[in-house]
Amino acid sequence: AELRAQLDRLTQLLRVAEEKSANLESALSQERAVAGAQEAELQASVSMWRDEAGLAAQRERQAVQMAAARLSQADEKAGELRDEAAFFRARFQELVLSFARGDGEVGPPPGPPPARVGGKAGGASNLLDGI
């Protein structure tokens, strides 16, 4: 009878242990599901941030390309302005030398009046070309 009582008590303890084990496995399964959902959410977030970083890098490359193009245009314009300034400087020096030698005239150049091409700069340029 004593053995029977011990067997019943051990059987009851085994059932309680099996029930606890089943509860723990259920809780573990739920935790794994939550962790899996969080991992999927984090992976999506990482993917989104990688895409954003890629777009930002692309925008940065485009901005650098635009800046380089603008710099190139500005360099071209500066070169054109330097050439134009050098031309006018040379014409001015020619005029100064001509007046210094005494063969320059103060009045308009001989021949027909120059045609105005447009704007003050165009007219001035045409006047200087005729000198």
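## One turn of the helix

Let's start with a pair in helix α1: Arg91 and Glu94 sit 3 residues apart there, so about one helical turn separates them. Their side chains meet in a salt bridge, at 2.8 Å from N to O. For a salt bridge, a side-chain nitrogen of Lys or Arg has to be within 4 Å of a carboxyl oxygen of Asp or Glu. The structure holds 1 such bridge.

How covered are the two partners? Arg91 is buried, with a relative accessible area of 12%, while Glu94 is partly exposed at 43%. Here buried means under 20% relative accessible area, exposed means over 50%, and partly exposed is in between (1.4 Å probe, protein chains only).

## What kind of model this is

This is a predicted model, where local features need pLDDT of at least 70, side-chain atom pairs count only at pLDDT 80 or more, and totals for chains, interfaces and linings use all residues. Residues are numbered from 1 along each chain as its sequence is written, and side-chain values use heavy atoms, leaving out hydrogens and water.

The predictor's confidence in each residue is its pLDDT, from 0 to 100. The protein chain has a mean pLDDT of 84, and 78% of its residues reach 70 or more. Over residues 117–128, though, pLDDT stays under 50. Where pLDDT is low, the predicted coordinates should not be read in detail.

## The helix itself

The protein chain has 2 helices and 0 strands. These are DSSP runs numbered from the N terminus: H or I for helices (at least four residues), E for strands (at least two). Helix α1 covers residues 2–101, and at 1.5 Å a residue its 100 residues should span 148 Å; the end C-alpha atoms are 144 Å apart, which agrees. The expected span is 1.5 Å times one less than the number of residues.

After α1 comes Gly102, with a positive phi near 90 degrees. The buried residues of α1 are Gly79, Arg91 and Ser98. Of the 131 residues of the protein chain, 5% count as buried.

The rings of Phe87 and Phe88 have centres 5.3 Å apart and planes at 70 degrees, so they are edge-to-face. Rings of Phe, Tyr and Trp (its six-membered ring) pair if their centres lie within 6.5 Å; planes under 30 degrees apart are stacked, over 60 edge-to-face, and the rest tilted. Phe87 is partly exposed at 37% relative accessible area, and Phe88 is partly exposed at 26%.

Note on methods. Contact = heavy atoms within 4.5 Å.
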